[in-house]
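Colleague: Could you walk me through a few spots in this model? I'd like to go residue by residue and then look at the pocket.

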Amino acid sequence: ALNKGSQQTLLEGLKLARKKGLQVSADPTYRSGLWKYGENPREILSEMIEYSTIFIGGINEINELLETDYTYTNEDFIAASKQLMETYPSIEKVFDKIRTSINSSWHKIKARMWNGKEFRETEDLDITHVVDRIGTGDAFAAGIIHGCQRFDDFKAIQYGAAACAIKHTYLGDVNYANEKDVLSILEGNVTGRLNR
């Protein structure tokens, strides 16, 4: 988004990663204020996604890329994921985070996935005392990436949702939780008690 040189460097890196058979994740959340060098963001992102295997994004991102109008239902998420995979055959898995805002301090987070074979969805995680929302999407993406390296697809989305949820309790854009903290949430420790 920042400049043509960065875009070209990233594209070269993506091509090399795919040539080496590496997994490549795409999180194509569009930030209009960053695109200042005169290129069409949808075209640039579309080209990048051609080299990606894991898509971390939901209906908004898919609709922007495919110029479609899918809704937020699970049925439309599956249909959108299938169309995304048909358009970009390298995509093997689609992971989505769903936020429900009760009010500014209370949010619910869950995740869903389509891996070409099955749809799965996590339970809601309640964050009743949101400290900071900044960085929670990045925490979800990082949790998914880590989860895909260590667990099956369903546990990966559970891990991503838990990483996102716990990040809401930290001030600033860095998630200070470690794997043990996130796994503790997956094991049912949602009381907010400190483990020492």
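Predicted model: local features only at pLDDT ≥ 70, side-chain atom pairs only at ≥ 80, totals over all residues.

Colleague: Let's start with R99. Where does R99 lie?

Modeller: R99 lies in strand 3, which covers residues 93–103.

Colleague: What does the side chain of R99 make polar contacts with, then?

Modeller: There is a polar contact of 2.9 Å with the side chain of H107, and another of 3.0 Å that joins R99 to the side chain of T136. Setting aside residues up to four places away in sequence, R99 touches H107, K108, I109, R133, T136 and H168.

Colleague: Switching to I127: buried or exposed?

Modeller: I127 is buried, because its relative accessibility is 6% and the cut-off for buried is under 20%. I127 is placed in strand 6, residues 125–127.

Colleague: Which residues is I127 in contact with, leaving aside neighbours within four places in sequence?

Modeller: I127 is in contact with S105, W106, H107, I109, A165 and H168. By contact, H107 is therefore one of the residues touched by R99 and also one of those touched by I127, given that contact means heavy atoms within 4.5 Å.

Colleague: Now D153. Where is D153 found, and what does its side chain make a polar contact with?

Modeller: D153 is found in helix 6, residues 153–167, and its side chain makes a polar contact of 2.8 Å with the side chain of K93. D153 counts as buried because its relative accessible area is 13%, where the limit is under 20%.

Colleague: What else does D153 touch beyond four places in sequence?

Modeller: Besides K93, D153 touches F95, M113 and N115. F95 is 58 residues away along the chain, yet the C-alpha atoms of D153 and F95 are separated by 9.2 Å.

Colleague: What about E67, what is its phi?

Modeller: E67 has a positive phi of about 55°, although E67 is not a glycine. Most residues other than glycine have a negative phi. E67 is found in the loop between helix 3 (59–66) and helix 4 (74–87), and E67 is exposed, with a relative accessible area of 60%.

Colleague: Tell me about helix 2. Which of its residues are buried?

Modeller: The buried residues of helix 2 are P41, I44, L45, S46, M48 and I49, and these pack against helix 1, strand 1, strand 2 (54–56) and helix 3. At the start of helix 2, a side-chain oxygen of N40 comes to within 2.9 Å of the backbone nitrogen of R42.

Colleague: Last topic, the largest pocket. What is its volume, and how many residues line the largest pocket?

Modeller: The volume is about 1200 Å³, and the lining has 39 residues, of which D27, P28, T29, R31 and E61 lie nearest the centre.

Colleague: Where does the largest share of that lining come from?

Modeller: Strand 3 gives the largest share, 5 residues. Among the elements that each supply at least two lining residues are helix 1 (4–19), helix 2 (41–49) and helix 5 (136–150).

Note on methods. Residues numbered from 1 in each chain as written. Heavy atoms only, no water. Helix = DSSP H or I, 4+ residues; strand = E, 2+ residues; numbered from the N terminus. Polar contact = N/O pair within 3.5 Å; in protein donor to acceptor, adjacent residues only side chain to side chain. Buried < 20%, exposed > 50% of the residue type's maximum accessible area, 1.4 Å probe, protein only. 1 Å grid on protein atoms, 1.4 Å probe; cavity = no way out; pocket = protein on both sides within 12 Å on 5 of 7 lines; lining within 4 Å. Points joined across faces, edges and corners; volume = space filled by probe spheres on them.
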